[in-house]
Amino acid sequence: FKIGVTHDDFRLWCTTYPSPVFPVSVLQNGVKMTIEPPKGLRANIMGSFKGDPISDQDFYRSCTKPLEFGRLIYCLCFFHALIQERRLYGPLGWNIPY
């Protein structure tokens with residue numbers, strides 16, 4: 001890349017772990033961003049339903065069994081939200097009967 005040739009709106013999104021072959025200066029000088037999962041089961045499920053491709057109605061219309069497909073999507077979103085919530089408790093979230 002040459003300064004002056006690169007467009008002013010150019011942005012590079014990079015996801016990486018520290019590595020001996022990746023320049024540390026790029027990680028140190030870059031803007032860091034994290035995305036935290038929503039708090040609570042309901043917020044997590046709603047966040048999943050508002051994301052792509054689930055929020056797109058054409059996604060549901062592409063299936064030949066929309067009722068079963070919708071139920072499957074809900075179950076997967078619920079399971080994902082449950083896992084996200086339970087992991088906050090560490091080993092206690094899975095081993096202690098309530």
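Predicted model: local features only at pLDDT ≥ 70, side-chain atom pairs only at ≥ 80, totals over all residues.
Close-up 1. Helix H2 runs over residues 41-50, and its buried residues are Asn44, Ile45 and Ser48. These residues lie on the same side of H2, because the arc they cover around the axis is only 95°. The face turned away from this buried side carries Arg42 and Lys50, both of which are exposed. Among the elements that cover the buried residues of H2 is helix H4, residues 66-86.

**Close-up 2. Proline 37 in the loop between H1 and H2.** Proline 37 is placed in the loop that lies between H1 and H2, and with a relative accessible area of 27% it is classed as partly exposed, because that value falls between the limits of 20% for buried and 50% for exposed. When residues up to four places away in sequence are not counted, proline 37 touches Asn44, Gln84 and Arg87. Proline 37 and glutamate 85 are separated by 48 residues in sequence, whereas the distance between their C-alpha atoms is 9.1 Å.

**Close-up 3. Helix H4, its span and its buried side.** The 21 residues of H4 should span 30 Å at 1.5 Å a residue, and the C-alpha atoms at the ends of the helix are 30 Å apart, in agreement with that expectation. The buried residues of H4 are Phe69, Ile73, Cys77, Ala81, Gln84 and Glu85. Because they cover an arc of only 140° around the axis, these residues are on the same side of H4. Leu67, Arg71, Leu76 and Phe79 are exposed on the other side of the helix. The buried residues of H4 pack against H2 and against helix H3, which comprises residues 57-61.

Close-up 4. With a relative accessible area of 68%, tryptophan 13 is exposed, because the value is over 50%. Together with Met33 and Ile35, Trp13 makes a nonpolar surface patch of about 460 Å².

Notes
Residues numbered from 1 in each chain as written. Heavy atoms only, no water. Patch = residues over 30% accessible without salt bridge, like charges linked within 9 Å, V, L, I, M, F, W, Y side chains within 5 Å. Areas by Shrake-Rupley, 256 points an atom, 1.4 Å probe, with all protein chains shown as cover. Salt bridge = Lys/Arg side-chain N within 4 Å of Asp/Glu carboxyl O. Buried < 20%, exposed > 50% of the residue type's maximum accessible area, 1.4 Å probe, protein only. Helix = DSSP H or I, 4+ residues; strand = E, 2+ residues; numbered from the N terminus. Arc of directions from axis to C-beta. Contact = heavy atoms within 4.5 Å. Expected span 1.5 Å × (residues − 1).
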